[in-house]
Amino acid sequence: DGDNTYDLNLILRVVAVNDAPLFDMNDDIEVIVFEDVGLESEYEIATNISPGNEFEDENVAFTIQVLAGSDLFSVAPEINSSGILTFELAENMYGSSTIKAQLDDGQEENSLSGNKVFTIAVSPINDEPVFSFLDSEYFSAETGKIVLYEDFLGSLYIAPSLSSPTFGEEDQTVVYEALDLGNDPPLGVSFDDLEGALVVSSILDSNGSSTITLRATDSGGTA
């Protein structure tokens with residue numbers, strides 16, 4: 001045969017292996033908001049979002065787990081593919097919530113990034129006290145007004161009633177004051193500070209309507 005060389009073409013194949021997705025988030029990040037924040041508020045919380053490397057183009061999505069404080073939310077926190085955090089707070093709730101975020105590229109292997117933990121801290125805002133005369137025996141559900149009849153006897157004490165206080169404000173004190181005691185006639189009206197009530201007396205043969213303005217002030221706000 002006489003040949004002393006032999007050539008062989010060897011094909012080397014590199015099989016792709018999925019790289020775990022990546023993102024950056026500052027360590028111990030804390031998002032600070034006031035109570036009653038809605039979905040219209042957005043917070044950039046994650047950056048440099050990648051499916052793993054420059055050669056991969058999978059769609060990625062964040063998975064969120066609320067580790068503590070889930071009762072703060074009416075709509076749970078979400079992070080979109082651009083790293084924007086949104087959530088909606090439950091009414092009048094405040095406190096702190098701890099949340100874990102991971103990035104998922106949907107592949108069978110190495111689909112999850114490392115996790116990052118962040119905090120949403122909700123600061124309270126005082127809610128104004130709310131009161132009405134719905135519980136008064138003189139309140140008319142039909143007209144939505146206090147209704148008295150001409151020439152009633154004696155003085156009537158008509159006291160407002162507070163709505164249930166909001167979360168965290170149960171220990172606040174409330175003081176009433178009269179800003180406008182209305183017209184005289186048809187009624188004689190004063191305000192008893194100790195009783196926190198209107199004192200109403202009739203004026204002989206007088207009738208009509210009178211508008212009275214009261215203010216309630218609690219230890220953190222007014223209505």
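This is a predicted model: local features need pLDDT of at least 70, side-chain atom pairs count only at pLDDT 80 or more; totals for chains, interfaces and linings use all residues.
## Overall form

The chain contains 18 strands and zero helices. Its radius of gyration is 34 Å, well over the 17 Å that the globule rule gives for 223 residues, so the chain is more spread out than a compact globule. Along the principal axes, the C-alpha trace spans about 140 × 30 × 20 Å.

Of the 223 residues in the chain, 33% are buried. When contacts between residues at least 6 apart in sequence are taken together, 67% of them join residues that are at least 24 apart.

## The largest pocket

Two or more lining residues come from each of the elements β12 (145-146), β16 (187-192) and β17 (197-202), and β17 gives the largest share, with three residues. By class, the lining of this pocket is made up of 16 nonpolar, nine polar and three charged residues.

## The second largest pocket

Five of the residues in the lining of the second largest pocket are nonpolar, four are polar and five are charged.

## Aromatic pairs

Four aromatic pairs are present in the structure. One of them joins Phe-73 and Phe-87 in an edge-to-face arrangement, at 5.7 Å centre to centre and with 75° between the planes. Because Phe-73 lies in strand β6 (residues 73-79) and Phe-87 in strand β7 (residues 84-89), this pair ties together parts that are 14 residues apart in sequence. Both Phe-73 and Phe-87 are buried.

A further pair is formed by Phe-131 and Tyr-176, whose ring centres are 5.3 Å apart and whose planes stand at 85°, an angle over 60 degrees, so this pair too is edge-to-face. Phe-131 belongs to strand β10 (residues 131-132) and Tyr-176 to strand β15 (residues 174-180), so the pair ties together parts that are 45 residues apart in sequence. Tyr-176 counts as buried because its relative accessibility is 14%, where the limit for a buried residue is under 20%. Apart from this pair, Tyr-43, Phe-73 and Phe-87 form one aromatic cluster.

## Backbone features

Most residues other than glycine have a negative phi, and most peptide bonds are trans. Against that background, which residues does a cis peptide bond with an omega of about 0° join? The two residues are Asp-184 and Pro-185, and a cis peptide bond also joins Pro-185 and Pro-186, with an omega of about 15°. Pro-185 is placed in the loop between β15 and β16, and Pro-186 is likewise found in the loop between β15 and β16.

Positive phi values occur at Asp-28 and Asp-205, neither of which is a glycine: phi is about 55° at Asp-28 and near 65° at Asp-205. Asp-28 sits in the loop between β1 (22-24) and β2 (30-34), and it counts as exposed because its relative accessibility is 74%. Asp-205 is in the loop between β17 and β18 (213-218), and with a relative accessible area of 53% Asp-205 is exposed as well.

Ser-219 is placed in the segment after β18. Is Ser-219 buried or exposed? At 55% relative accessibility, Ser-219 counts as exposed, since exposed residues are those over 50%.

Leaving aside the neighbours within four places in sequence, Ser-219 is in contact with Gln-172 and Thr-173. Ser-219 and Val-199, which are 20 residues apart in sequence, have their C-alpha atoms 25 Å apart in space.

Note on methods: Residues are numbered from 1 along each chain as its sequence is written. Side-chain values use heavy atoms; hydrogens and water are left out. Helices (H or I, at least four residues) and strands (E, at least two) are DSSP runs, numbered from the N terminus. Ala, Val, Leu, Ile, Met, Phe, Trp, Tyr, Cys and Pro count as nonpolar, Asp, Glu, Lys and Arg as charged, and the others, Gly among them, as polar. Rings of Phe, Tyr and Trp (its six-membered ring) pair if their centres lie within 6.5 Å; planes under 30 degrees apart count as stacked, over 60 as edge-to-face and the rest as tilted. Buried means under 20% relative accessible area, exposed over 50%, partly exposed in between (1.4 Å probe, protein chains only). The radius of gyration is taken over C-alpha atoms; the globule rule is 2.2 Å times the number of residues to the power 0.38. Contact means heavy atoms within 4.5 Å.
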